[in-house]
Amino acid sequence: MTPNGAIVFAACAIVAIVLSDGLGISLLYALVVLFSLSEVGPRVMGCLRRAVLVMAPLATFMLIIWVGIVGRAPAEIAADVEGTREAALFYVVVVAARLFLIVFLVQAVAMRFDHETPLSFVRALNAPPGAKRLAILTLSLIETLRNAVDRAHTALVAAGIITRAISFRNIGSGWILVQTVWLTAITTVTARMRDKWPIENTLGLLGPALDGGKQRLTFRDWFWLVLTLTIAAAGHAWSYLHA
């Protein structure tokens, strides 16, 4: 699978997940599982674990708000009718299922190319040179932000403001950690853009490094793309016939 095919497939699948319901969502779950097992293999369990870690807090928050506090689904609120907590629960389950599938899909696509460097991945894209440079510069800041977070966390632990393990002190000082991480990240990123990149002539060197390398869609790319569109169309047809 090529980077171009992966991006097109992921974009089409995400749009289909957002627009589908009922049988369509079930078929798309099967599609994403098949894609993950075929393209990622046993490492798919890492994608599943990350998706659960991302979605568990969000799903819990939605349950508290919509089921525990509001007690009605958004559609019932818009229609100004007396709602039920069962309808609110169904709404939360549907939204959480869609978001979980999207997160899982993005993780699987990213893990499919974890053997490549960001430069080689972006270089293979059929995109304008400006978009490629922007993508590389954005990706290069990810590691910078991670280092900034680590430095901020280490500094607050050394100062005794927070602890390394989970504790009540961390809950009370959480806002201080957020502020410290934000200021450290902004300072680090600004310094890199203002000093490091001009000195190393990063923007000038990126052009030749990203030239060429464009890849056409392969049979494997077209297979996943056509399968996605077929499943999405089948799901919408089923919903239309049983509406």
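1. Leu105 touches Phe9, Ala10, Ala13, Ile14, Ile17 and Val32, leaving out residues up to four places away in sequence; contact here means heavy atoms within 4.5 Å. The model is a predicted one, in which local features need pLDDT of at least 70 and side-chain atom pairs count only at pLDDT 80 or more, while totals for chains, interfaces and linings use all residues. Residues are numbered from 1 along each chain as its sequence is written, and side-chain values use heavy atoms, with hydrogens and water left out.

2. Leu105 also belongs to the largest nonpolar core, which has 41 residues; Phe9, Ile17, Leu28, Phe35 and Leu105 touch the most other members. Helix 5 (residues 85-112) gives the most to this core, namely ten residues. Because domain 1 (3-124 + 213-241) and domain 2 (129-210) both give residues to this core, it lies between them. A nonpolar core is a set of buried Ala, Val, Leu, Ile, Met, Phe, Trp, Tyr and Cys residues joined through side-chain atoms within 4.5 Å. Buried means under 20% relative accessible area, exposed over 50%, and partly exposed in between, with a 1.4 Å probe and protein chains only.

3. The two domains, whose bounds come from an automatic or database domain assignment, have C-alpha centres 29 Å apart. Their contact takes five residues from domain 1 and six residues from domain 2.

4. Ser20 lies in the loop between helix 1 (3-19) and helix 2 (23-39). Helices (H or I, at least four residues) and strands (E, at least two) are DSSP runs, numbered from the N terminus. Ser20 is buried, with a relative accessible area of 2%. A polar atom of the Ser20 side chain lies 2.6 Å from the backbone oxygen of Ala16. Beyond its neighbours within four places in sequence, Ser20 is in contact with Ile25, Leu28, Arg98 and His236.

5. Helix 9 (residues 174-200) has 27 residues and reaches 37 Å from its first C-alpha to its last, close to the 39 Å expected at 1.5 Å a residue; the expected span is 1.5 Å times one less than the number of residues. A kink of about 35 degrees is centred on Arg192, the bend at a residue being the angle between axes fitted to the seven residues ending there and the seven starting there.

6. Within helix 9, Val181, Thr184, Ala185, Val189 and Trp197 are buried. Their cover includes helix 7 (129-158) and helix 10 (202-210). Just after helix 9, Asn201 takes a positive phi of about 55 degrees.

Notes:
A polar contact is a pair of N or O atoms within 3.5 Å; within protein, one must be able to donate a hydrogen and the other to accept it, and residues adjacent in sequence count only if both atoms are side-chain atoms.
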